[in-house]
Amino acid sequence: MNTIDIKINERSLKVLPGITILQACRDNGIDILTMCHLKGLSDVGACRLCLVEIEGINKLLSACTTRVASNMVIRTDTEKIKRYQRITTELFFAERNHVCSVCVANGNCELQELGYKVGMDHIRYPFLFPECKVDTSHQYFVMDHNRCIMCTRCVRACSEVEGAFNWDVKNRGFQVRVISDFDTPWGESITCTSCGKCLQACPTGALWSKDVVQGQLEKHPEMITELVEKRKLLLT
Amino acid sequence: MNRQEFKDLVIAETEKTKNSTCKHKICICCGAGCISSGSEAVMKKLQEEIIERGLQSEVEIIPTGCMGPCNQGPLMKYLPENSIYQKVDCSNISQIVQSQVIEKKPIEHLLLFADSRERPFSNADEDPFFSKQLKIVLKNCGQLNPERIEDYLVHEGYRALDKALFEMSPEDVIAEIKQSRMRGRGGAGYPTGLKWETVYKYVNDQKYVICNGDEGDPGAFMDRSVLEGNPHRVLEGMAIGGYAVGASKGYAYIRGEYPLAIKRFEAAIKQAKKMGLLGPNILGSNFSFDVEVRIGAGAFVCGEETALIASIEGKRGTPRPRPPFPAESGLWGKPTLINNVETFAGIAPIINNGGEWYSEIGTPKSAGTKVFALAGKINYSGLIEVPMGTSLREIVFDIGGGIQGGGEFKAAQTGGPSGGCIPAEHLDVKMDYEALVNLGSIMGSGGLIVMDQSSDMVDVARFFMEFCMDESCGKCVPCRVGTKMMHDLLQKICDNNASRIDLERLEELAVYVKEASLCGLGGSAPNPLLSTLRHFRNEYETRIGKYEEKHIEVPQTSEV
Ligand SMILES: Cc1cc2nc3c(=O)[nH]c(=O)nc-3n(C[C@H](O)[C@H](O)[C@H](O)COP(=O)(O)O)c2cc1C
Ligand code: SF4
Ligand code: SF4
Ligand code: FES
Ligand code: FES
């Protein structure tokens with residue numbers, strides 16, 4: 001198969017044309033931080049953790065949405081990128097309420113893991129602690145907006161994989177919230193099939209099942225990826 | 001209508017105007033500014049007065065778009081002498097008609113700027129407000145009735161479209177626009193010819209043209225005035241764009257807060273369709289082009305091209321990362337040409353007069369003219385159009401008549417929430433894209449707010465940050481959370497409650513948000529902050545000093 005030459009962090013690589021920079025990194029064991037990306041779902045470039053520097057382009061671009069081009073020279077590990085990843089992480093933690101010790105996802109949370117990865121020992125910004133609801137109206141599941149980081153993985157899993165279109169986003173700016181149907185309690189949803197895919201897609205303790213207790217939540221976002229890939233196989 | 005019929009119609013309409021018995025023309029400004037100060041009532045009164053005096057066959061009354069000096073409205077212009085009357089009131093109509101129409105003498109104390117100039121000009125074109133301007137985009141605004149296509153036809157209307165369709169290939173049109181060196185007027189100043197060429201090169205059986213009339217910057221009303229004052233010019237530019245890039249469908253995205261612009265633009269579409277200047281096989285050629293209006297709900301971010309496209313598609317108006325750019329994958333994934341209202345309005349003159357003519361106006365890197373919405377602490381605010389490279393001093397003092405109440409100029413803010421401030425020491429800057437960027441501001445879409453000594457620059461930065469914080473779409477983290485954090489820090493500084501560490505944090509966040517955000521909203525939200533820090537750092541320092549005085553104890557060494 002035709003390949004193109006690119007360079008990532010000084011390493012010369014041959015990759016398939018048309019893949020994203022993120023894919024090229026992952027295929028070659030180059031670590032890159034992501035949050036809004038979940039393989040199998042469409043990419044939105046929202047969290048900005050995967051920003052990379054590309055020679056000749058004066059802007060930082062998100063690796064998950066940018067495709068490789070021949071002779072692209074990419075850096076994923078500069079001081080600036082690391083500093084920005086740390087700021088982004090701190091802003092995630094400062095935005096809502098992430099007190100891990102009382103969270104169901106404690107020990108099994110992508111956000112918490114991210115904090116460790118970027119070496120976040122403290123948060124330099126004031127906690128905003130906005131007033132957020134906890135929606136327990138669903139028979140099996142809970143949506144705790146305090147833990148939501150607006151990655152919209154649940155929204156995409158619900159629409160793109162389950163095809164139910166229960167989740168959407170309302171408002172603007174830091175007032176954005178994930179909503180069920182037309183901003184009605186989840187338990188009253190006429191679109192939710194209770195499939196639980198959004199729970200698996202969610203990186204944090206925002207979406208969980210009522211049968212778990214603090215620190216006991218297990219998530220399998222890779223399930224979404226596998227499902228999508230198996231479906232693709234079925235179709236070809 | 002085919003080409004010959006069109007030519008005949010233009011000749012017939014031109015003859016009709018020439019042979020009209022009306023020796024006097026009275027234009028009433030019906031731009032949104034003058035309407036809000038009561039020009040519709042003035043027009044009604046004028047019509048009654050003319051009927052009462054039995055002058056219907058001699059005086060023609062023309063409702064027009066914005067004439068320029070909006071804060072002096074309602075404005076009334078008497079032609080051919082070109083005398084403009086300001087702040088016209090129903091009670092002085094009779095007097096004006098008597099004196100100007102019957103006795104042929106202007107009434108000096110009612111003329112434009114009579115209350116502030118030593119002697120007003122009876123021919124308004126001699127007033128520095130107008131004489132320093134060069135109107136290309138706004139040429140016929142304030143002269144013709146925007147609701148009558150016939151008026152536009154008499155003013156060279158649709159001649160450029162005719163020329164493009166029958167005398168030029170799409171490549172020729174693109175070459176002409178490239179030669180003009182025109183740059184997009186929506187803010188970023190991307191070369192228009194290059195953009196057209198890129199869209200042209202993508203092969204696809206369906207392409208689109210979008211006119212960006214979202215104009216969300218606070219204080220900006222350039223695009224609104226063009227759409228209200230000469231909608232056909234924009235329509236003609238869109239059609240030429242469609243022909244050049246190979247698109248058969250156009251959308252005009254106009255914000256819902258502009259009902260008059262929407263009404264006039266929709267009327268223009270209807271009239272153009274009826275005459276065969278829009279729709280299938282325009283003027284008998286094999287080019288077909290149709291335009292529809294889409295109404296925006298008034299989110300600033302929907303002016304960003306990818307968010308605007310999402311909005312037209314019926315989705316939530318949030319931006320998506322580029323590349324791919326709309327030229328490659330735009331509306332419904334098809335190659336899409338998206339330009340600003342003012343950009344499209346500048347196309348017909350380029351086709352009519354040639355790219356070379358346009359390229360010679362302005363500065364080497366920024367050709368042509370720019371429309372500005374002048375506002376703030378300035379004597380004459382309103383809508384102006386000047387050649388690129390006009391100095392800020394000329395704009396503020398010659399055209400704008402200087403600072404209100406004889407105050408002192410402190411700074412001019414350009415580019416709205418995405419721009420910055422130009423301090424007094426740079427009053428001689430020649431306004432073009434590069435010069436403004438070098439000063440830490442941007443040209444933006446043309447908002448220009450003049451500030452005097454009473455303006456508090458930290459508060460100006462806080463104001464714009466609040467705007468960006470409220471208008472952030474909330475999709476990406478740097479902008480969603482970063483603008484909120486920066487706003488809160490700025491508020492803290494305004495309240496004299498911030499320390500040096502807060503300022504450091506603010507500066508770090510500003511650079512981060514600028515570089516890490518997904519779209520241009522976050523990408524430029526820190527600009528007003530960064531530029532006030534650059535030119536007015538002392539105002540920040542003073543406030544931090546006040547905090548430190550209160551909270552940091554200075555050891556009293558003498559008592560030891
Ligand atoms: C937050 C934001 C708001 C914008 N608002 C407008 C607008 O109101 N009108 C406009 O023409 N362009 C606006 N733009 C620029 C558009 O994205 C786009 O560049 C422009 O319409 C292209 O037209 P031009 O090449 O003629 O300038 C905005 C950009 C951003 C990032
Ligand atoms: S609920 Fe979870 S998956 Fe959905 S947006 Fe919030 S953090 Fe992301
Ligand atoms: S920069 Fe702001 S407006 Fe643009 S995508 Fe990010 S959150 Fe939305
Ligand atoms: S993973 Fe690429 S922006 Fe979130
Ligand atoms: S609206 Fe009348 S002069 Fe601008």
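I began with contacts in chain B: residues 24 or more positions apart account for 72% of those with a separation of 6 or more. I counted a contact when heavy atoms lie within 4.5 Å.

Ground rules next. This is a predicted model, where local features need pLDDT of at least 70, side-chain atom pairs count only at pLDDT 80 or more, and totals for chains, interfaces and linings use all residues. Residues are numbered from 1 along each chain as its sequence is written, chains are lettered from A and ligands numbered from 1 in the order in which they are written, and side-chain values use heavy atoms, with hydrogens and water left out.

**Chain B, overall**

I looked up the secondary structure and found 24 helices and 13 strands in chain B. Helices (H or I, at least four residues) and strands (E, at least two) are DSSP runs, numbered from the N terminus. The radius of gyration of chain B is 25 Å, close to the 24 Å of the globule rule for 560 residues, so chain B is as compact as a globular protein of that length. That radius is taken over C-alpha atoms, and the rule is 2.2 Å times the number of residues to the power 0.38. Along the principal axes, the C-alpha atoms fill a box of roughly 100 × 60 × 40 Å.

I then checked burial. Of the 560 residues in chain B, 60% are buried. Buried means under 20% relative accessible area, exposed over 50%, and partly exposed in between (1.4 Å probe, protein chains only).

**Helix H4 of chain B**

Which residues of H4 are buried? I listed B:Ile93, B:Ile96, B:Val97, B:Ser99, B:Gln100 and B:Val101, within a helix that runs over residues 93-102. An α-helix has 3.6 residues a turn, so residues three or four places apart point the same way. The cover over the buried residues of H4(B) includes helix H3 (39-52) and strands E1 (24-29), E2 (59-64), E3 (76-79) and E4 (83-85) of chain B. After H4(B) comes B:Lys104, with a positive phi near 60°.

I went through the cis peptide bonds. One runs from B:Leu79 to B:Pro80, with omega near 10°. B:Pro80 sits in the loop between E3 and E4. Another runs from B:Arg322 to B:Pro323, with omega near 0°. B:Pro323 is in the loop between helix H13 (305-312) and strand E8 (336-340).

B:Tyr158 has phi near 60°. I placed B:Tyr158 in the loop between helix H6 (149-154) and helix H7 (159-167). Is B:Tyr158 buried or exposed? B:Tyr158 is buried, at a relative accessible area of 1%. B:Glu215 has a positive phi of about 30°. B:Glu215 lies in the loop between strand E5 (208-213) and helix H10 (222-229). B:Glu215 also counts as buried, at 7% relative accessibility.

**Chain A**

I turned to chain A, which has six helices and 10 strands. Its radius of gyration is 19 Å, close to the 18 Å that the globule rule gives for 236 residues, so chain A is as compact as a globular protein of that length. The C-alpha trace spans about 55 × 50 × 30 Å along its principal axes. I found 54% of the 236 residues buried.

Last, I checked an annotation. An unreviewed UniProt entry puts "domain: 4Fe-4S His(Cys)3-ligated-type" on residues 80-119 of chain A. UniProt positions are in the numbering used here, feature names are shortened, and annotations may be inferred rather than shown by experiment. In the model, that span is 60% helix and 0% strand, and its end C-alpha atoms lie 15 Å apart.
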